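Please examine the sequence and the structure shown below before reading on.

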Amino acid sequence: MAATATAAAAHTLLHLAAPRKPSAGPPLPPTTLRLPGRRLARLTASCSSGSGNNSAADFPNPNGILVAPPSAAASAAAASSHIDVDVATEADLRENGFRSTRRTKLVCTVGPATCGADELEALAVGGMNVARVNMCHGDREWHRGVIRAVRRLNEEKGFAVAVMMDTEGSEIHMGDLGGAAAAKAEDGEIWTFSVRSFEAPPPERTIHVNYEGFAEDVRVGDELLVDGGMARFEVVEKLGPDVKCRCTDPGLLLPRANLTFWRDGSIVRERNAMLPTISSKDWLDIDFGISEGVDFIAVSFVKSAEVINHLKSYIAARSRGSDIAVIAKIESIDSLKNLEEIIRASDGAMVARGDMGAQIPLEQVPSVQQKIVKLCRQLNKPVIVASQLLESMIEYPTPTRAEVADVSEAVRQRADALMLSGESAMGRYPEKALSVLRSVSLRIEKWWREEKRHEELELKDVSSSFSDKISEEICISAAKMANKLEVDAVFVYTNTGHMASLLSRCRPDCPIFAFTTSTSVRRRLNLQWGLIPFRLSFSDDMESNLNRTFSLLKARGMIQSGDLVIALSDMLQSIQVMNGIS
Ligand SMILES: Nc1ncnc2c1ncn2[C@@H]1O[C@H](COP(=O)(O)OP(=O)(O)O)[C@@H](O)[C@H]1O
Ligand SMILES: C=C(OP(=O)(O)O)C(=O)O
Ligand SMILES: [K+]
Ligand SMILES: [Mg+2]
């Protein structure tokens with residue numbers, strides 16, 4: 001691989017149009033901007049080396065993947081007129097400045113408390129990067145309404161919120177309590193858990209269980225845990241489809257709460273272990289998700305890589321050219337056994353601590369979380385830390401100190417994203433909870449930068465081809481340079497988003513501006529640490545891309561003269577350093 005360094009100066013006249021999207025900044029009249037020369041050091045990794053182990057096919061063909069208009073003149077005129085960045089990011093950049101934008105991404109579960117257009121907009125303004133709908137609850141019409149409302153928000157108000165659909169999965173859970181919000185189980189009470197279905201309302205102290213084999217699998221003396229221990233029962237008698245249980249730890253039973261049963265201190269996995277990860281209802285939900293064009297499908301209770309591979313080929317066959325990313329939820333004992341192969345097969349993972357905490361001892365959850373976060377980083381997959389981050393805020397307007405410490409730890413581990421569940425779905429303070437995640441993320445990220453505590457995580461090779469290896473090394477070098485030179489931002493021009501994610505994996509100190517031509521890639525990048533995704537048409541002429549980008553961003557007040565920027569491109573596999581943009 002040959003590397004050449006050249007210096008060039010840019011003298012370019014650019015026509016600039018006003019921003020297309022509404023923004024908080026002053027309106028911009030169309031203007032003509034002169035860009036005087038700037039120092040430009042270019043380091044181009046040549047792709048045409050004869051190193052023997054690489055063929056032409058290994059390298060991206062700039063002509064094959066060029067998406068910009070054919071002529072440079074046409075591109076300057078047509079493509080310079082718009083760049084899409086979401087209004088929340090734009091405000092963040094203006095408020096916090098280049099180096100202090102939030103790096104940790106935020107996922108909000110949408111539920112009855114947040115499904116209205118105004119509530120969704122408030123979450124988007126508050127920094128929601130991804131809206132999650134949980135197919136355990138609500139019907140498809142409800143979910144369709146939410147997904148479309150998010151899309152409308154993006155189109156009409158200039159946000160880029162991605163949508164994640166989370167499957168129900170086929171673990172054992174209770175029915176929906178015949179419409180009641182909750183039921184209280186008291187110490188010593190006898191409750192019936194039954195596989196029979198009931199008309200609403202069900203008989204008193206009777207709970208429907210969704211899994212047919214439940215009554216056969218449990219034994220007298222087993223312990224039955226609701227939601228991993230929010231309430232606890234002992235099985236006292238079996239009567240055909242009905243299982244009589246005595247409450248030993250009182251607690252609240254919530255609709256569709258998860259059920260596990262334990263024998264001699266271990267979780268029992270009888271025939272329920274044979275249930276398919278993706279149930280027939282899940283497949284219908286997945287078809288629904290594909291037709292609604294969701295960005296992510298999160299698969300509950302993944303047991304093996306096989307199911308992920310199956311789903312990925314299903315999606316590829318159903319939605320030609322679509323790029324729905326598959327997120328593996330790590331929440332069962334089986335998923336922990338096959339962790340690495342599951343994560344390798346997936347496009348990302350979720351540390352689903354809710355159910356995980358019902359399957360392994362609670363004191364093991366923190367170390368498992370750290371292990372998954374690290375592994376995802378090594379394998380270059382985005383990772384979400386989920387469940388109970390701010391649980392008390394379902395009821396109260398401020399978090400507990402312990403919750404803030406938990407959120408801080410996930411940020412410190414440099415997880416890509418944090419997720420709200422009940423806090424945003426049905427809590428009393430969804431926006432406040434989101435703002436706690438936002439301010440804690442910002443504060444911890446800043447602290448880390450101030451302390452210069454770059455973690456010494458040695459990144460292992462992830463590349464599967466020589467070309468990919470070049471991109472990986474470029475990103476590692478760029479991140480190092482960015483930290484040492486204390487640059488203001490790294491720009492990455494990426495078609496598929498892969499180069500942007502390789503850069504995010506290095507967790508540089510500065511924000512990463514990721515430019516992509518595709519709106520769906522842009523939405524997907526919203527889940528990844530430190531990436532500020534923009535949609536922009538660009539060519540393989542980096543000089544013209546940079547000039548256009550600078551003038552568009554400058555005009556919107558998102559960068560300033562004198563900013564130091566490193567630019568990467570996955571078409572040219574190049575690094576450029578712009579010392580003081582003009
Ligand atoms: N679409 C919905 N409709 C009604 N309630 C919902 C919906 N989504 C979430 N919720 C409520 O928010 C709570 C937390 O959401 P989540 O963590 O996603 O589900 P779960 O508690 O089933 O794991 C749920 O228990 C449920 O009470
Ligand atoms: C995120 C989780 O999954 P769900 O909310 O669907 O149970 C979890 O169990 O932590
Ligand atoms: K789910
Ligand atoms: Mg779960």
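Which residues are the closest of those that surround ligand 1? They are G111, H137, G138, S421 and A425, and 15 residues surround this ligand; a residue is counted if its C-beta atom, placed from the backbone, lies within 6 Å of the molecule. This is a predicted model, in which local features need pLDDT of at least 70 and side-chain atom pairs count only at pLDDT 80 or more, while totals for chains, interfaces and linings use all residues. Residues are numbered from 1 along each chain as its sequence is written, and chains are lettered from A and ligands numbered from 1 in the order in which they are written.

The shell around ligand 1 divides into 6 nonpolar, 8 polar and 1 charged residues. Here Ala, Val, Leu, Ile, Met, Phe, Trp, Tyr, Cys and Pro count as nonpolar, Asp, Glu, Lys and Arg as charged, and the others, Gly among them, as polar. Around ligand 2 there are 13 residues, of which A352, G354, D355, A386 and S387 are the closest. By class, this second shell has 3 nonpolar, 5 polar and 5 charged residues. Its largest share, 3 residues, comes from helix α11 (residues 353–359); helices (H or I, at least four residues) and strands (E, at least two) are DSSP runs, numbered from the N terminus.

The interior may be considered next. In soluble globular proteins, nonpolar side chains tend to be buried together. The largest nonpolar core has 78 residues, and V161, I297, V299, I327, I384 and L418 have the most contacts inside it. Such a core is a set of buried Ala, Val, Leu, Ile, Met, Phe, Trp, Tyr and Cys residues joined through C-beta atoms within 7 Å. A residue is buried if 20 or more other C-beta atoms lie within 10 Å of its own, exposed if 12 or fewer, and partly exposed in between. Helix α15 (residues 430–451) gives the largest share of this core, 6 residues. Apart from it lies another core, of 48 residues, including V490 and F538.

A325, in strand β19 (residues 325–330), counts as buried because it has 23 C-beta neighbours inside 10 Å. The C-alpha atoms of A325 and D347 are separated by 5.6 Å, although the two are 22 residues apart along the chain.

The mean pLDDT (the predictor's confidence in each residue, from 0 to 100) is 83 for the chain. Over residues 1–80, however, the pLDDT is below 50. Where pLDDT is low, the predicted coordinates should not be read in detail.

Key:
Contact = placed C-beta atoms within 7 Å.
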